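The following paragraphs go through a structure chain by chain. Please keep the view open while reading.

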Amino acid sequence: MTETMETTDTTGSRGSRLLGVVTLLGLATLLLFAFALTEPDVRLHPTTGQEIGQFDAVRLLYLHVPLAVFTYVAFVLCAVASAGYLVKRTAWFDTMAYAAAEVGTVFCGLVLVTGSIWGRPVWNTWWEWGDVRLMTTLVLFLMFTGYLALRRATVDPRASARRGAVVALVAVLDLPIVNRSVEWWENRTLHQKSTLGELKIQDLTLFTLMLGFLVLGLVLAWLLLHRFRVGWLEREDAGHGVATAIAERRADIDEGDVDAAVGEGA
Amino acid sequence: MTHLGYLIAGWGIALGVLAAYAASIVRRGRDLARRVPVGRSRWLTSPGEDA
Amino acid sequence: MPILVTLLVVAAIVGVLVKTLGDATLVFHEVDAAVELRADLGDGRFRVVGTPLPGLLETRVDGESAVVFTLCSAGAYADVVHVGDPAELFQPGVPVVLQGAWKAGSVPGIAGLDAPADDGWHLRTDHMVVKHDNDYRVEEGRQADIAACGATG
């Protein structure tokens, strides 16, 4: 089989470049709304008449909450692709699962960091060991960090894919616990119950939060697309390397055979 | 604006990490794309776009 | 190598779970439960959640700055001496979670409080976090209402 050695120098495509431009414009718009156009969270207490609320710290939530939601999306995608791999055993499912796990872990780490930075002024603490949502999110982060470490530590690609798929399907079981923890253990968390579920948000605050969901969704899509392509190329590169090595070895052997045959004849 | 330091830290770290991660993916992709023949680069193009 | 990685991650997860689930002081009690369980709690540390009533007093206790107030939730009241700096967003009407223990005796300057529990006990606390609600509307529909003094969960 002959194969052209023509290569390219990018994982970008027309579609992904357009997505990238839209994402950057979206981020700029989100910053404008989050910092300039929305009001701080300040209201008068109905009994004391004093100003209460999160004040400008609320502006961190336009980032923190969408990051948390798209962490869920990435990890669910990883679990679905992992299940797909275990059933179909195709490279596409494994590459998608690995990409979603890596992007999801980055998002999850940022959820913990932005939440901690928001918690210091609003809650008066960087971290609360007793908070069930913090703990279950930390466990989620640790499990997917373990997933990534396991994938890198396992040399055999098929064993790596198989073990990773099993770990992802176990790790994703933490997701509903993270999501429902504020309802199940409400006396063990500082996190409030769902704001959107009870529609206790309105006007520009609601719009900016929705814009945050849209833009962070675009960021996730762009990262996933490119990380998937990198994963696919890594697989092809490894396969191409092995194929080249085998071809070279065969050529050496054939040459050796010819030499031996020539030597015998001489 | 209240809590400006926290806002800059939170948004700055998040956007900085996302940008650095995106740059690392692009860099890894460029290195790999140079080594892998176009014929083996499925999934790298938009629909209707030539590889 | 994969086994080592797996063991390290499992150990980290178990450590987090033990730290979280094994510490009984991390559960928040409403004030009524804290009062009801006073004999059982003894001088042990626990967490209590409630809403500070108007009428805060700033004072010094054992050489440290302190704030004295009355906490209410689920229709019950407890006087509090919080030692150390209160939370930045601490003020009457904003629910807080406090960590500390029951102490016999009234709070200093009790006469200055608007509606003290004055039951011969007070909470001596040294850790305060704010528990905000999930309402981001500007005016109507606010949940926080000191007069109702309902459950703060």
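The expected span of a helix is 1.5 Å times one less than its number of residues. Helices (H or I, at least four residues) and strands (E, at least two) are DSSP runs, numbered from the N terminus. This is a predicted model, in which local features need pLDDT of at least 70 and side-chain atom pairs count only at pLDDT 80 or more, while totals for chains, interfaces and linings use all residues. Residues are numbered from 1 along each chain as its sequence is written, and chains are lettered from A and ligands numbered from 1 in the order in which they are written.

Start with helix H4 (residues 132-153) of chain A. Its 22 residues should span 32 Å at 1.5 Å a residue, and the end C-alpha atoms are 31 Å apart, which agrees. A residue is buried if 20 or more other C-beta atoms lie within 10 Å of its own, exposed if 12 or fewer, and partly exposed in between, with C-beta atoms placed from the backbone. By that count H4(A) is mostly covered, with 17 of its 22 residues buried.

Next comes the nonpolar core. Such a core is a set of buried Ala, Val, Leu, Ile, Met, Phe, Trp, Tyr and Cys residues joined through C-beta atoms within 7 Å. The largest one has 110 residues, and the members that touch the most others are A:Cys78, A:Ala97, A:Ala100 and A:Ala168. Helix H3 (residues 91-123) of chain A supplies the largest share of this core, 17 residues. Two residues are in contact if their C-beta atoms, placed from the backbone, lie within 7 Å. Leaving aside residues up to four places away in sequence, A:Ala97 touches A:Cys78, A:Ala81, A:Ser82, A:Tyr85, A:Gly164, A:Ala165 and A:Ala168. In soluble globular proteins, nonpolar side chains tend to be buried together.

Two residues of chain A deserve a look at their backbone angles. A:Asn124, in the loop between H3 and H4 of chain A, is not a glycine but has a positive phi of about 85 degrees. A:Asn124 is buried, since 21 other C-beta atoms lie within 10 Å. A:Phe55, also not a glycine, has a positive phi of about 55 degrees. A:Phe55 belongs to strand E2 (residues 51-55) of chain A and is partly exposed, with 18 other C-beta atoms within 10 Å.

Chain B meets chain A through 34 residues of chain B and 40 residues of chain A. The chain B side of this contact has 20 nonpolar, 8 polar and 6 charged residues. For these classes, Ala, Val, Leu, Ile, Met, Phe, Trp, Tyr, Cys and Pro count as nonpolar, Asp, Glu, Lys and Arg as charged, and the others, Gly among them, as polar. Helix H1 (residues 4-35) of chain B has 32 residues and reaches 46 Å from its first C-alpha to its last, close to the 46 Å expected at 1.5 Å a residue. Buried residues in H1(B) include B:Tyr6, B:Trp11, B:Leu18, B:Ile25 and B:Leu32.

Chain C has 3 helices and 7 strands, which run α-β-α-α-β-β-β-β-β-β from the N terminus on. Of its 153 residues, 35% count as buried. Among contacts in chain C between residues at least 6 apart in sequence, 60% join residues at least 24 apart.

Which strands pair with strand E2 (residues 46-52) of chain C? Two strands pair if DSSP finds at least two bridges between them. Strand E1 (residues 28-30) of chain C pairs with E2(C) in the parallel sense over 3 bridges, and C:His29 stands opposite C:Val48. Strand E6 (residues 96-104) of chain C runs antiparallel to E2(C) and is joined to it by 5 bridges, with C:Phe46 opposite C:Gly100. Strand E4 (residues 64-73) of chain C is also antiparallel to E2(C), over 2 bridges, and here C:Thr51 stands opposite C:Cys72. In E2(C), 7 of the 7 residues are buried, so the strand is largely enclosed by the rest of the structure.

Finally, 42 residues of chain C are in contact with 42 residues of chain A. On the chain C side, helix H1 (2-21) and strand E7 (121-130) are the elements that give two or more residues, and H1(C) gives the most, with 9 residues. That side has 24 nonpolar, 8 polar and 10 charged residues. C:Leu26 lies in the loop between H1 and E1 of chain C. With 22 C-beta neighbours inside 10 Å, C:Leu26 counts as buried. Not counting residues up to four places away in sequence, C:Leu26 touches A:Trp129, A:Gly130, A:Arg188 and C:Arg47.
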